[in-house]
There are 2 protein chains.
Amino acid sequence: MSDEAIVREKLDQVPAILEGQGVDVWLTFVHETAVTPDPCIELIVGTNCTWQSAFLLSRSGERIAIVGRFDAPGLEAIGGYSDVRVYDESVRPALLEALEQLNPGTIALNYSASDPAADGLTHGMWLVLQETLAGTPYADRLMSSAHVVAALRGRKTPGEIERIRAAIAETEEIFALVSAQMAPGLKETEIAAIFHDEVARRGLVTAWEPGQCPAVDAGPEKSVGHTGPTELQTGPGMLVHTDFGVVKDSYCSDLQRMWYLLDEGESEPPEEVTAAWNAVWASMDAGAAVLRPGVQGHEVDAAARARLVAAGYDEPMHALGHQLGRSVHDGGTILAPLWDRYGDAPRGLVEENQVFTLEYGAPVPRRGFVALEEDVLVTADGIEWLSTPQRELWLVG
Amino acid sequence: MSDEAIVREKLDQVPAILEGQGVDVWLTFVHETAVTPDPCIELIVGTNCTWQSAFLLSRSGERIAIVGRFDAPGLEAIGGYSDVRVYDESVRPALLEALEQLNPGTIALNYSASDPAADGLTHGMWLVLQETLAGTPYADRLMSSAHVVAALRGRKTPGEIERIRAAIAETEEIFALVSAQMAPGLKETEIAAIFHDEVARRGLVTAWEPGQCPAVDAGPEKSVGHTGPTELQTGPGMLVHTDFGVVKDSYCSDLQRMWYLLDEGESEPPEEVTAAWNAVWASMDAGAAVLRPGVQGHEVDAAARARLVAAGYDEPMHALGHQLGRSVHDGGTILAPLWDRYGDAPRGLVEENQVFTLEYGAPVPRRGFVALEEDVLVTADGIEWLSTPQRELWLVG
């Protein structure tokens, strides 16, 4: 399915979402999106805008785009907007005219403290809108589009799910190639280079900044977190952890995979490694067991968290899972505890066709860190594993 | 010079800029910058932030970063911030503490209606800040950082200028390769493919979305604007126009180059083509002649615009030039008329070490469109051409 077809597929979802949430018009209002990209632009527009631009989608299906003259041909080529209005000097008169024509009782805007994917309205453009609407009835009809955006990004279309599957398939192939080369004595940076060479050979890009994708953590001396590979070397008796994803055709994968390097005389990992492995999997499975449409995100995290803590491990200082799509952190409902830093996102409801990561970890003294991550699709009554779960540690040596 | 060194070079410029503008603290306040990137993050941080993060730079040189736990190692590796404060649950207490410690009389935030490069504060994060500062004296000390950001992005360091020169050099080499293959009967898409193959071979990316970079416009039937190459074919008696740039090591080039395909019996372009060519160059040179530190952006555009109109051509519906740097439209002062869509940006003062494009065009009936674009560096008393100006049409056949 082409990029343009996916944009049109997403636009087709909008009226039902607005209807379901009682929103009359959803307004995306941007400037120079190559510099300050509203994440909704790639979702419902599909090309960058140079000047101040407005995209109005109504509950009854109207699609009005108001753009500077030179942006119109690129936009028209995508075929998402039947009504493209062009201006030369100011976006404001055309925007007011469109609002008067639609006369919405509620206007949803892209701002949210909790959900970055629904927070693409810049404060500067908010001020432009305030000035433009001053003295009109529309000034008092503004609301956040966070629930609209969360629903739209979250409910993956068939075309989107197909692309995510393809990204995961590439990722698993790359892990297999890395696995074939895994050995004691490799530096973290050398392992990362194997990933990067393969990403380049396949014409992909990494799912987050390449200096930290893959994360490669060899053994117990590495501080786990969003940091890049170092000169640390793999060695016998050590866990090697990687966190890696790719973007293929604009959609992401995000997986963690692990190896254990057998020590002299070992034919299996030491007991404490296996115990941590089993505890992490038991907790992720406990989360997976309650992950289904209608549950709140924090309930899923809580089920997994309780299981890991009950097994005697520290509480993870991060969420069990986030959504995955055009962005590796795709916004909307997350499977996280009710901490301030997650805002309202953990209270969101899980819906069918959302794609989540499931990721948890536990340290093993003197060995390293066990951490796993899988990608799953929410089905009508549970989940489908999109990745092939790594149910066994990969043993080397 | 490494990426990290360029971030540190930019951070070193900040205190003098804050001093010059009477700003006590410049606060960059973001979340999930991979999804909603504040353009200041790559400039003064150099790595993405997952959770709500605050970067405080003071007039007296303090540099305080407040980030979620897992973002700290990546940030510390860059070495830009001497004081990295880590949180797990909420950014707010640490942010208030840092403000109380610095006790600024003015706090500049990244919002601007005119300058997208200074408009990275999302409206959601503005609301978080309002809530956080409610009841403190700091709530009334907020202002736009637009002039700070414009000065910082605009005043290119030696490391930045070196990178822009390198991007332009690659671009000119690619134009030369395309020129060697230019011939009648090529489709616009085939010409674009030559550019794209060469971009990939060199490990570069295009300076704007690849579907529209290069723009390729063959002959008079093409609507000029931000649109991609089509199936239109080059032919004798036709102007072929391209607009193209690359990103090399995070810095951009942006150039337009033109060919004329000689018709049977012609040894030079027809008179009307030469007349348009000369008029466009005369107008760009008129702009270049007044481009120097201290002049306002719109004065430069006006000089060029008047010359082109006096020669009998329509007024261009775009600016004479924009700044160039990490972004192909790098914000700050632009060389544009005082139209609403450009906001205050044309009133900005030109400064030494800014890099601008100069670009104007004129249609030639039945032949196509003459449009040129060069990249220039503002020096102490004028300009240096960074690109090799295309003073002659490239003739084919």
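1. Helix axes here are lines fitted to C-alpha atoms, for helices over the stretch in contact, and angles run from 0 to 180 degrees between N-to-C directions. Helices (H or I, at least four residues) and strands (E, at least two) are DSSP runs, numbered from the N terminus. The model is predicted: local features need pLDDT of at least 70, side-chain atom pairs count only at pLDDT 80 or more, and totals for chains, interfaces and linings use all residues. Residues are numbered from 1 along each chain as its sequence is written, while chains are lettered from A and ligands numbered from 1 in the order in which they are written.

2. Helix packing in chain B. The axes of α9 (residues 271-290) and α10 (residues 297-310) of chain B come within 8 Å and cross at roughly 155 degrees. That makes α9(B) roughly antiparallel to α10(B), a term for angles over 145 degrees. The crossing is right-handed, meaning that the near helix is turned clockwise from the far one by less than a right angle. Residues of α9(B) that take part include B:Ala279, B:Ser283 and B:Gly287, and those of α10(B) include B:Val300, B:Ala304 and B:Leu308.

3. Relation of the chains. Chain B can be laid on chain A by a turn of 180 degrees and a shift of 0.0 Å along the axis, with an RMSD of 0.0 Å; copies are superposed by least squares on the C-alpha atoms of residues with pLDDT of at least 70 in both. This is the relation of a two-fold axis. Both copies use the same surface, as 100% of the contact residues of chain B recur in chain A.

4. Interface. In all, 54 residues of chain B are in contact with 54 residues of chain A, contact being C-beta atoms, placed from the backbone, within 7 Å. On the chain B side, α3 (72-78) and α5 are the elements that give two or more residues. The largest share, 5 residues, comes from α5(B).

5. Helix α5 of chain A (residues 123-133). Its buried residues include A:His123, A:Trp126 and A:Leu129; buried means 20 or more other C-beta atoms within 10 Å of the residue's own, exposed 12 or fewer, and partly exposed in between, with C-beta atoms placed from the backbone. The buried residues of α5(A) pack against β1 (25-30) and α4 (92-102) of chain A together with α5 of chain B. Just after the helix, A:Gly135 has a positive phi of about 85 degrees.

6. B:Ser112. This residue is in the loop between β5 (107-109) and α5 (123-133) of chain B. B:Ser112 is buried, with 30 other C-beta atoms within 10 Å. Not counting residues up to four places away in sequence, its contacts include A:Gly124 and B:Ser144.

7. Nonpolar cores. A core is a set of buried Ala, Val, Leu, Ile, Met, Phe, Trp, Tyr and Cys residues joined through C-beta atoms within 7 Å. In the largest, of 69 residues, A:Val280 and A:Val370 touch the most other members. Helix α9 of chain A gives the most to this core, with 9 residues. A second, separate core of 68 residues includes B:Met258 and B:Leu386.

8. Backbone points to check. The peptide bond between A:Cys213 and A:Pro214 is cis, with omega about 5 degrees; the bond from B:Cys213 to B:Pro214 is also cis, with omega near 10 degrees. A:Arg366, which is not a glycine, has a positive phi near 65 degrees, and with 11 C-beta neighbours inside 10 Å it counts as exposed.

Notes. Contact = placed C-beta atoms within 7 Å. Parallel < 35°, antiparallel > 145°, perpendicular 65-115°, else oblique.
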